[in-house]
Structure formats: structure tokens, C-alpha cells
Amino acid sequence: MNLEITPPRALRGSTTVPGDKSISHRAAMLGALAEGETLIENFLMGADCLATIKCLAEMGVSFTGPDEKGRLTVHGRGPSALKEPGDVLDAGNSGTTMRLLLGILAGLPFFSVITGDASLRRRPMKRVTAPLSRMGARIWGRREASLAPLAVQGGALEGCSFSLPVASAQVKSALLLAGLLARGETRVVEPVPSRDHTERMLQFFGAEVFKEGTAVTIKGGQVLTGRRIVVPGDISSAAFLMVAAAVVPGSDVTIRGVGLNPTRDGIVDVLKAMGADLEITNRYRLANEPVGDIRVRHSRLRGVTVGGDMIPRLIDEIPVLAVAGALAEGELVVRDAAELKVKESNRIDTVVQELRKFGVEAEALPDGLRVRGGRPLTGASCASHGDHRIAMAMAVAGLAARSKTVIQDAGCIDVSFPGFTGILGSLRVE
Ligand SMILES: O=C(O)C1=C[C@@H](OP(=O)(O)O)[C@@H](O)[C@H](O)C1
Ligand SMILES: C=C(OP(=O)(O)O)C(=O)O
């Protein structure tokens, strides 16, 4: 599917965005490990989270829904009710599905095989398979269990202490889930804090999780109790609308009910530092997560340098941040973000390659990128590289360009933001 974008006169109005992807995955998985019913509202019906439900169903978990409103009930019967899947589990395009499920599969006494699409089969898995093996799981795969498909013989895990070389919420979460199913204590220390949805949700389901700086400790064998969870809007999806409103003249957009977890809201801080007219109102909490409404009006932006501890707080927003940089005065520089190379595409290369098609001066750095802004963008014919965030970032560039833009192979947008084009359409002023 190709997506055509013509520049609007402005973007104006109020909208919501679909449920948070990270939180939806975790709600389904913890609901499956819990005892009793978990009612999830605003579950993300994107391809990634649907892959998680399908894998859990293969392991005998029973679900009602999701219905068209995103209501999903998980009929949890505790970890011992999970059974050996009769077929290969398919995580599709979703790194979160594969890495977090590996943590659960490692802790359960059966054999399983998990794979994914061509992109996911290229992504590094040693970062989870090596520590899970240290806890006692047996895992096989190409290049010494670096690449999916991966086969797991789980069960009888022993808690361990880990110091992670890279900040990764997926690795931390896999180890905490394995730790919940292991004997004794599991401790994970990160170099820089990554998103903490797993820790918050484990607590919300009644488990004790101890946080101390960048260390998290969990005791095995704790019983989770089913809960009602309303999933906040995904700030990573909202980011596309935030940048669009900031760069299209005359815009004024409010996005209601967006998750504002401090480990995820780096895009708010960086857009403000770039001079965005951005306001947060109506703050409240949903399922142990902070939420609020975000209003963005068009303003002049200036380039900034982003790196260090900020990177995990906006890792998935860097493609669209680069678009903001292309429309700002001066230079946007991103450093310490080599992790971008191992996402759904090599996002350093794909962002630079696609932005250049709009006439933008952009350069790849070994651990990030540099974008020179201040020149008008010409419409372009772009490739998504099968990466949802690249497709949407280039669509935002198209909104601010002087002529029509086409994004080829844009169906991947459904991985995280079903309804993206409909929402853009509802905000357009012609
Ligand atoms: O835990 C999660 O839900 C995620 C963690 C991040 O990945 P890493 O853990 O690889 O940094 C992020 O890029 C991904 O979109 C979702
Ligand atoms: C990196 C992403 O997801 P995942 O790792 O779950 O595939 C993303 O959504 O940008």
C-alpha cells in the first residue's frame, strides 16, 4: 500500500491516539501469568500486540476479544496453566514480543520455538538468550543463539544478578519475567534507566519489585492477581502528531490521554528545548502510569544536540525528531544512539537516506545522525523500508513539504499506529 501526502493549510483539532504498545504487550503477558481475569481497555490493536496475543493463545491462554473498542479479557490461570505450544510461535515484526516472551518461555518447563519476520530474524537476540542461559534455560539458534528462530527448553531457573551493557527495557523485562518464574532473587542493573512499564505493571498486579537507582530486584514465585487496566495513549504515536503540529504553519493540535511516564517522555523535553509551543494539561493516572493531554501549536524550531541519558527516553521518536530537525533553524545532532541500527530497520541509515530525498542535508554518524535544517522541503517519493516509524516520520515530512509526497509500502504503519491516516485526515485544514 502506498500513502500519498499532500501538504495541508494547517492541522487543527483534538484527537486521541491508540493505546501504548509497550504497555499493551505487558498487560497481555502479565494477565496470562496472573490468576483471575484481567480486563484490558484501549489495548493496541496493532500487528505487534496482536502477535503477542496469538503466541500466548498458542500456549493455551484464553482470551475474550479484543473487540472493536480495544477491550480484551485475559482469563489468567497462573504460569503453571501455560502449556507447550504445538507449533512455532510467530512474533512477526515485534522485538518486544520475542524478547519478553523468551523470558517467560525460559521460565516454563517445556520446549518451544519462536521466530519472526525477515526484519526480526536479523535483530540481535544474544542480549536475552545469554543471560537467560545463565539462569538455567537451554536455548538454541543460529550464531550461538544470536538470531531467531530460537528453540527454548525452559524451567528450573535460578535467580541471578545482571549488569546490562546496554540500556534495554526489552532485556530488563525478559529477565524480570524469567526472575518471577525462577527460584530466589533476580537483580538487573542498567547503565542508564530504560522504560519502566514492566516494573510498574508487576507492582500493579500485586508483585513486590524493588527499585534502587538503576537496579531492579524481583523475588521468584510471587503470585500475580488479575486486574483492570486502561492503557494510556502511546506517546510514541502521539510524537508524529506533535511534530506535525509544530512544523506545519497555523497548526494547533491537542492529543488527549497520552502516557507521560518519565522514562518515555523525552520527546516533550526535547521539542520544548527546540522552541516548540507545547503545553501539558489534565494530568491523571491510569494503571500506575501518569497520563495527560498534550497541546502543540506551530512555532519556529531550532536544532539541538541530544545524547546520553536522554536517548532511552525517546529512542523510538528519533526518526520523527530528525524531521523536526530538518524544519528547524541550525543543526540537530543525535549521539549515543547506536541502538537505532538494530531496530526494525537501521534507523540511522534509513532516516538519512529518506530525508535526503526531500532535499535535506543529513549525515549518518557512528552513533547517531546530524541534520541541517532551515531549507524548505520538496515533496519526495520515499521507501518505508518495512519500518512503521520511518513510514510515519516521512509522512510528517510530507505534511510540511512544498509538494506531494508518496510513501511506498506504508502498510507497516499498522504495526504500531492503526488509524494514523484517518487521524491525520481529521486534523487537516484544506
Ligand atoms: O520494552 C519495550 O516495550 C520497548 C523497548 C525499546 O527497545 P529496547 O529494549 O531494545 O531498547 C523500544 O525501542 C521498543 O519499541 C519497545
Ligand atoms: C523498536 C520498536 O519495536 P520492537 O522492538 O518491539 O520491534 C518500535 O516500535 O519502534
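The buried residues of helix 12 pack against helix 11 (318–326), strand 20 (361–365), strand 21 (368–372), strand 22 (381–383) and helix 13 (388–399). A residue is called buried if 20 or more other C-beta atoms lie within 10 Å of its own, exposed if 12 or fewer do, and partly exposed in between, with C-beta atoms placed from the backbone. Helices (H or I, at least four residues) and strands (E, at least two) are DSSP runs numbered from the N terminus, and two residues are in contact if their C-beta atoms, placed from the backbone, lie within 7 Å.

This is a predicted model, in which local features need pLDDT of at least 70 and side-chain atom pairs count only at pLDDT 80 or more, while totals for chains, interfaces and linings use all residues. Residues are numbered from 1 along each chain as its sequence is written, and chains are lettered from A and ligands numbered from 1 in the order in which they are written.

**Overall form**

- The protein contains 14 helices and 24 strands, and 55% of its 430 residues count as buried.
- Along the principal axes, the C-alpha atoms fill a box of roughly 60 × 40 × 40 Å.
- When contacts between residues at least 6 apart in sequence are considered, 74% of them join residues at least 24 apart.

**Two domains**

- The protein is divided into domain 1 (3–19 + 232–429) and domain 2 (21–230), with bounds that come from an automatic or database domain assignment.
- The C-alpha centres of the two domains lie 28 Å apart, and 24 residues of domain 1 are in contact with 29 residues of domain 2.
- On the side of domain 1 that touches domain 2 there are nine nonpolar, eight polar and seven charged residues; here Ala, Val, Leu, Ile, Met, Phe, Trp, Tyr, Cys and Pro count as nonpolar, Asp, Glu, Lys and Arg as charged, and the others, Gly among them, as polar.

**The two ligands**

- Ligand 1 is surrounded by S22, T96, S168, A169, Q170, S173, S194, R195, I315, D316 and E339, where a residue is near a molecule or strand if its C-beta atom, placed from the backbone, lies within 6 Å of it.
- Helix 6 (residues 169–180) gives the largest share of the shell around ligand 1, three residues, and by class this shell has two nonpolar, six polar and three charged residues.
- The shell around ligand 2 consists of D48, S94, G95, T96, D316, K343, E344, R389 and S416, which divide into no nonpolar, four polar and five charged residues.
- Domain 1 and domain 2 both give residues to the shell around ligand 1, so ligand 1 lies between them; both domains also give residues to the shell around ligand 2, so ligand 2 lies between them.

**Nonpolar cores**

- A nonpolar core is a set of buried Ala, Val, Leu, Ile, Met, Phe, Trp, Tyr and Cys residues joined through C-beta atoms within 7 Å.
- In the largest core, which has 79 residues, M242, V243, A324, V396 and A397 touch the most other members, and the largest share, 11 residues, comes from helix 8 (residues 235–247).
- Leaving aside neighbours within four places in sequence, M242 is in contact with I267, L271, I294 and V296.
- Another core lies apart from this one, with 66 residues that include L44, L101, V128 and A145.
- A238, found in helix 8, is buried, because 29 other C-beta atoms lie within 10 Å; residues up to four places away in sequence not counted, A238 touches V17, G233, I255, V258 and I294.

- In helix 12 (residues 347–357), the buried residues are R347, I348, T350, V351, E354 and L355, and the helix is followed by G359, whose phi is positive, near 90 degrees.
- Most residues other than glycine have a negative phi, and most peptide bonds are trans.
- D336 has a positive phi near 60 degrees and lies in the loop between strand 19 (331–334) and helix 12, while D409 has a positive phi of about 55 degrees.
- The peptide bond joining G65 and P66 is cis, with omega about 5 degrees, and the bond from A148 to P149 is cis, with omega near 5 degrees.
- P66 is in the loop between strand 4 (62–64) and strand 5 (72–77), whereas P149 is in strand 9 (residues 147–153).
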